[in-house]
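Here is a short note for your reading of this entry. Please keep the sequence and the 3D view open as you go through the points.

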Protein chains: 2
Amino acid sequence: MRIGELADRAGVSVRSLRYYEEQGLLTSTRSPSGQRHYTEIEVERVIFIQRMYAAGLSSRTIIEVLPCTDAPSEENSDAALERLVLERDRITDHINDLVQTRDALDGLIGMNRAHRATLSEPATSLRS
Amino acid sequence: MRIGELADRAGVSVRSLRYYEEQGLLTSTRSPSGQRHYTEIEVERVIFIQRMYAAGLSSRTIIEVLPCTDAPSEENSDAALERLVLERDRITDHINDLVQTRDALDGLIGMNRAHRATLSEPATSLRS
DNA sequence: CTAAAACCTGACACTGACGTCAGAGGCAAG
DNA sequence: CTTGCCTCTGACGTCAGTGTCAGGTTTTAG
């Protein structure tokens, strides 16, 4: 398939795909005229890349962990697996941080709603 | 206290504090000579701002929710509370996404470790 | 009183993942 | 053949938070 179709399938822009290739995250076979061609595998690869970006990894970091997906076997250099574990842990930390922040916001929301309640109904507590 | 101390206390750079003021997130009283002076309250405010940044909110969005912390009472414009709830939900979505991603990475890690195990010890399964 | 340290404004640099535009070539359908 | 859509490379623009530098004033310590 050509780049436009891959973009649609994976839900990213054509620009992004070329950028991924430029960064070494994605490879393509070229037709004689120079157009990029991809296979089904690339769809999943791009989706994975997107996932990693969403999780806060940079291009360089994604490159380092990709070997672990490339060959579900093979001696995917210790470094790649090591990096993968590292990033997993980083994500866990981030999740915990976000949960804490959400709890804080919930507290704020509660306080604001409580105050709002006392305003509209000075005698009663806790209205739906 | 002056800007340097606030920066130390809140764990941010002086540059950032000036930027926050420029963005309308932070206010300061000025000494006759023009230096910024802050109170203890600002320490917490800056820490809160940092938390919001870490949670992915932009300056503009933080501005919108700040009224909810300013006056733990008062009619903190419906909009602010509404926005706060919206962001809380966005964070929840993000957390769920991250958890999914982490699970995926755990799967990858497991597969890679499993393969590694079969390499070093073809007959046994699941080594510590 | 003096030197060091902190502060001021203003402005430009940077990073990273893209958007977007220009100018040119490729490819299927009518 | 030509119309229209897709693709190519290359390059500059964007956004947001922050680093950093310049040139000057203020505060603090000795």
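1. Start with one term. A residue is near a molecule or strand if its C-beta atom, placed from the backbone, lies within 6 Å of it. By that rule, 19 residues surround DNA strand D. The closest are A:Arg2, A:Gly4, A:Arg36, B:Ser13 and B:Ser33.

2. Know what you are looking at. This is a predicted model, where local features need pLDDT of at least 70, side-chain atom pairs count only at pLDDT 80 or more, and totals for chains, interfaces and linings use all residues. Residues are numbered from 1 along each chain as its sequence is written, while chains are lettered from A and ligands numbered from 1 in the order in which they are written.

3. Which elements give two or more residues to the surface near DNA strand D? They are helix 1 (3-10) and helix 2 (14-22) of chain A, plus helix 2 (14-22) of chain B. Helices here are DSSP runs (H or I, at least four residues), numbered from the N terminus.

4. Now sort that surface by class. Near DNA strand D there are four nonpolar, ten polar and five charged residues. Ala, Val, Leu, Ile, Met, Phe, Trp, Tyr, Cys and Pro count as nonpolar; Asp, Glu, Lys and Arg as charged; the others, Gly among them, as polar.

5. Turn to DNA strand C. Helix 2 of chain A, with helix 1 (3-10) and helix 2 of chain B, each supply at least two residues. The classes are four nonpolar, nine polar and five charged.

6. Last, the two chains. Their contact (C-beta atoms, placed from the backbone, within 7 Å) takes 30 residues from chain B and 30 residues from chain A. On the side of chain B, helix 6 gives the largest share, 22 residues.

Key: Contact = placed C-beta atoms within 7 Å.
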